Amino acid sequence: EFFDKNLISPSFSENPISELRKKNILAHVNRRVIHTMVDVSLGVDDLDKIKTDFEFSRSIIRNLSLNVERNKIIIKAICNELEQGNPCLVFSCSVEHSRLLSAALSYYGYNSSYIDCKMRKGSRKRVVEGFRSGKYDVLLNYGVLSTGFDAPRIRTIIITRPTASIVLYSQMVGRGLRGPLMGGGEDCNLIDIKDNFLNFGGAEEVYAFFDDYWKK
């Protein structure tokens, strides 16, 4: 009614995603999936939580965050990116997981830090600014930076936490989708850490939802 019943829409000459990339509004994303080969069997309560909240139970997430072999895979992926000069934004499984990974990366000689909802606002701001300025090459977080955060230095996003929520997944991925005109970079690497959920096929739906976007 406000527009006199006229549908206002942009005029694209081709695929909207391709055109927005050319206009430097969206970044080019290079997506890679790392399969951990970790088998996870979900119980009835776990499946009910996924159905109602689109999230995995804390016990499942905690077990994944403490899995030594899985964490080795994650740390190796981060180190590989850093060796190529790619600052990383990492979405971890929990607050404790962020701290654990950050400590491991520091042990290997990398400048890393983490933020979480338990930190004071001022402390979080200092860490974020440290990442933006280059003081830290890795910024790990849980439940804080899924929205409202941009750092042009981001070259790689690593998602280690499983989710059944398309909205949450899109928010995490979105930290790297913004092109130069939107405060991001021209290119961004996306690494998904994927586990094998034996009795939950729905886990694939979240990733498949964006299949068209990854196509060049």
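**Ground rules.** I number residues from 1 along each chain as its sequence is written, and I keep to heavy atoms for side-chain values, with hydrogens and water left out. Since the model is predicted, local features need pLDDT of at least 70 and side-chain atom pairs count only at pLDDT 80 or more, while totals for chains, interfaces and linings use all residues.

**Salt bridges.** I took a salt bridge as a side-chain nitrogen of Lys or Arg within 4 Å of a carboxyl oxygen of Asp or Glu. I get seven salt bridges by this rule.

I find Arg 32 and Glu 81 joined by their side chains at 3.7 Å, N to O. Helices (H or I, at least four residues) and strands (E, at least two) are DSSP runs, numbered from the N terminus. For accessibility I used buried for under 20% relative accessible area, exposed for over 50% and partly exposed in between (1.4 Å probe, protein chains only). Glu 81 is buried at 4%, whereas Arg 32 is partly exposed at 40%.

I find Glu 69 and Lys 72 in a salt bridge at 3.6 Å, N to O. Both are in helix H4, three residues apart, about one helical turn.

I find a salt bridge between the side chains of Asp 116 and Arg 99 at 3.7 Å, N to O. Asp 116 is in strand E3 (residues 112–116) and Arg 99 in helix H5 (residues 95–107), so the pair links parts 17 residues apart in sequence. Asp 116 is buried, at 1%; Arg 99 is partly exposed, at 36%.

**Sheet.** I traced an open sheet of six strands, in the order E1-E6-E5-E2-E4-E3, with parallel pairing. Two strands pair if DSSP finds at least two bridges between them. E1 and E3 are the edge strands with a single partner each, so one side of each has no neighbour in the sheet. Neighbouring strands are turned by 15° against each other on average, direction ignored. Axes are lines fitted to C-alpha atoms, for helices over the stretch in contact, and angles run from 0 to 180 degrees between N-to-C directions.

I looked at E3 again: its parallel pairing with E4 (residues 138–142) runs over five bridges. Tyr 114 is opposite Leu 140 in E4. Helix H6 (residues 121–133) packs on the sheet and touches E2 (88–91), E3 and E4, with its direction at about 145° to that of E3. Contact here means heavy atoms within 4.5 Å.
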